[in-house]
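Here is a friendly walk through one model, from its overall division down to single residues. Please have your viewer open.

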Amino acid sequence: MSSQKIFLFDFDGVIVDGMHEYWNSSLLACEKYLNSPYISVDEKLYKRVPNTFKEIRPWVKYGWEMVLIVHEIIKTENPIKHLNKDDFINNYYQNCERILKDNSWIAEDLQRILDKSRKYQINKDFKSWVNLHNPYFEVINFMKELKKREIKSGIITTKGKIFAEKILIQLNIFPEFIFGYESGTKIKIAEKVTQTYEILGFIEDRKKTLIDVKQNSETSHIPCFLADWGYLKESDRYNLSNEIKLLKLGSLEELVAI
Ligand SMILES: [Mg+2]
């Protein structure tokens, strides 16, 4: 095994809070490319991210699910609201599958129009698009500290690689690598990365992903940290196995203070 040390980071909810961007880009995808007869998009919708969207975000794994959720929130009839959102969340995956089927949508197409919506905004007004993201500066500083100690940083995200890359450049962060959804599942990517690097930690805000890492024999040795500042479900903070540590934003530096 190589002695090259690295920390792995998820992107959304770990390095940046992109809530405004998710809402804007998914809404624009619905408005411009979805051609749904069940919605009408008005300018005012872009102004504020509904709480219902924020409340459902912790269940999201892939970007396309956000296009579907925005569609359900802005529907003129029977939209998802704060009061009925639990029905949706309680059977999240089945509901997403059902909605895909009812509308004759394909997940890949929704992902494609989300990426198209992002590209459209980047071409139109790059600065405004970047400004929809709020970086967690503690994480950015931690990555800079790692660099000083000659420890690498790698990004594994379910976003398209180019979008994460564009934001990281703005933040002056040049990681060793960025793997996006195009590169396959996070577990498969982590398996590959372990062959070349010594992984000191994986910081991620999706608990299920960390559980999967711990249950896979090839990756179970990776120290896993659940990002307390990310898009967590309330229940994620409880019943954590002692293999997955809850990490606070203020405790990042302790990870290298050895
Ligand atoms: Mg995340």
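Predicted model: local features only at pLDDT ≥ 70, side-chain atom pairs only at ≥ 80, totals over all residues.

Residue numbers start from 1 along each chain as its sequence is written.

**Domains.** The chain is divided into domain 1 (5–17 + 135–255) and domain 2 (19–130), with bounds that come from an automatic or database domain assignment. Their centres, taken over C-alpha atoms, are separated by 25 Å. Across the boundary, 13 residues of domain 1 are in contact with 10 residues of domain 2; contact means C-beta atoms, placed from the backbone, within 7 Å. Helix α8 (residues 161–170) gives the most to the domain 1 side, with 4 residues. Helices here are DSSP runs (H or I, at least four residues) and strands likewise (E, at least two), numbered from the N terminus.

| Pair | Angle | Axis distance |
|---|---|---|
| α1 and α3 (residues 63–74) | about 75° | 9 Å |
| α1 and α6 (residues 107–130) | about 105° | 8 Å |

Axes are lines fitted to C-alpha atoms, for helices over the stretch in contact, and angles run from 0 to 180 degrees between N-to-C directions. α1 and α3 are therefore roughly perpendicular, and so are α1 and α6; the label covers 65 to 115 degrees, with under 35 roughly parallel, over 145 roughly antiparallel and the rest oblique. Residues in the α1–α6 contact include Ser 25 and Lys 32 of α1, and Arg 118 and Gln 121 of α6.

**Cores.** A nonpolar core is a set of buried Ala, Val, Leu, Ile, Met, Phe, Trp, Tyr and Cys residues joined through C-beta atoms within 7 Å. Buried means 20 or more other C-beta atoms within 10 Å of a residue's own, exposed 12 or fewer, and partly exposed in between. In the largest core, of 36 residues, Leu 8, Phe 9, Phe 202 and Ile 203 touch the most other members. Leaving out residues up to four places away in sequence, Phe 202 touches Leu 8, Ala 190, Val 213, Ile 222, Cys 224 and Phe 225. Another core, of 25 residues, lies apart from it and has Trp 23 and Leu 68 among its members.

**A loop residue.** His 221 sits in the loop between α10 (207–215) and β7 (224–227). His 221 is exposed because 11 other C-beta atoms lie within 10 Å.

Conventions: Contact = placed C-beta atoms within 7 Å.
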